[in-house]
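I am opening my notebook on a structure that I have not looked through before.

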Amino acid sequence: MALVRWKDRGELAPWSALQDLESQMQRLFGEGAADLNWPERTWLPTADLRETDDHYIVEMDLPGMRKEDVELTAIDNVLTIKGERKYEHKDEKEDERGYRRFERRYGRFERSFEIPGGFDADKVEAHYDNGVLRVNLPKREEAKPKQISVNVN
Amino acid sequence: MTTAVQERQQQQTFVAPRVNIMEHPETVTLEAELPGVPKDQVDVQVKDNELTITGRRVHTEEGQLRAGERTRADFRRVFTLSRAIDQEKVDAHMENGLLTVTLYKKESMRPRKIEIK
């Protein structure tokens, strides 16, 4: 199934595997166990792909975002979700804010999902609720399973 | 067949949410990412110098899972509080899967400006 973690293709791409390891270790051990301080962090929101008889559902974890900062595009069989999580505390004075822990990721992300058999782009619906983006992708008529009755005499 | 021990282990599977913790002169703010957790499924407790955050995720069971990366586990994380924190006063706010907890420092632990005469 075509659901691949989006990788940054820039210069930092070789580090992305290490970043994943770092975040896994942080989740396991906490306490900044593997704070490697990469110069530029990218983030890859996790997603699920589900299938029913007449549609596909993409669900993506995007906690603490604004609806306006998420963008969906459909080209052929591919759904692309991109957006930006903006850092909200820029207005605070630097010396009045001391970070004790900084694990949340900010910045841009982009992921694409290839939907087998395609979907009807005019009927795509998206909702953002409790920090989860849910996209409903109705299947094209020809991609829906059909029941063919066979008469056996 | 699941034994009682296995059942308990299943119930106790949690993942730690990502957090940012910021210290301000009079408060400490904690932001925790709890995607898929509705407001009424969040539990914030302060007890014995510990802050415990628990969030129960609500899942879609529709159709079949074709590719899954999102965790099925609920969120939990325990933080040890400094003695400077007033355990009687805690604010919590949940919006778009982001929990913001504000802890207040004890009056005596806040920075005081001392005037030079």
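How many helices and strands are there in chain A? I found one helix and eight strands in chain A, where helices (H or I, at least four residues) and strands (E, at least two) are DSSP runs, numbered from the N terminus. Read along the sequence, the pattern of chain A is α-β-β-β-β-β-β-β-β.

Before going on, I noted that this is a predicted model, in which local features need pLDDT of at least 70 and side-chain atom pairs count only at pLDDT 80 or more, while totals for chains, interfaces and linings use all residues. Residues are numbered from 1 along each chain as its sequence is written, and chains are lettered from A and ligands numbered from 1 in the order in which they are written.

**Entry: a sheet in chain A**

I looked up a sheet of chain A and found three strands in the order 3-4-6, forming an open sheet with antiparallel pairing; two strands pair if DSSP finds at least two bridges between them. Strand 3 (70-75) and strand 6 (107-114) of chain A each have a single partner strand, so they stand at the edges, and one side of each is left without a neighbour in the sheet. Strand 4 (residues 78-85) of chain A pairs with strand 6 of chain A over eight bridges in the antiparallel sense, and in this pair L79(A) stands opposite F113(A).

I then turned to D76(A), which is placed in the loop between strand 3 and strand 4 of chain A. Its phi is near 55°, a positive value in a residue other than glycine. Why does D76(A) count as exposed? D76(A) counts as exposed because it has 10 C-beta neighbours inside 10 Å; a residue is buried if 20 or more other C-beta atoms lie within 10 Å of its own, exposed if 12 or fewer, and partly exposed in between, with C-beta atoms placed from the backbone.

N96(B) counts as partly exposed, because it has 18 C-beta neighbours inside 10 Å.

**Entry: where the chains meet**

Finally, I noted that the contact takes 30 residues from chain A and 30 residues from chain B, two residues being in contact if their C-beta atoms, placed from the backbone, lie within 7 Å. Strand 1 (residues 47-51) of chain A pairs with strand 6 of chain B over four bridges in the antiparallel sense, and E51(A) has Q64(B) as its bridge partner.
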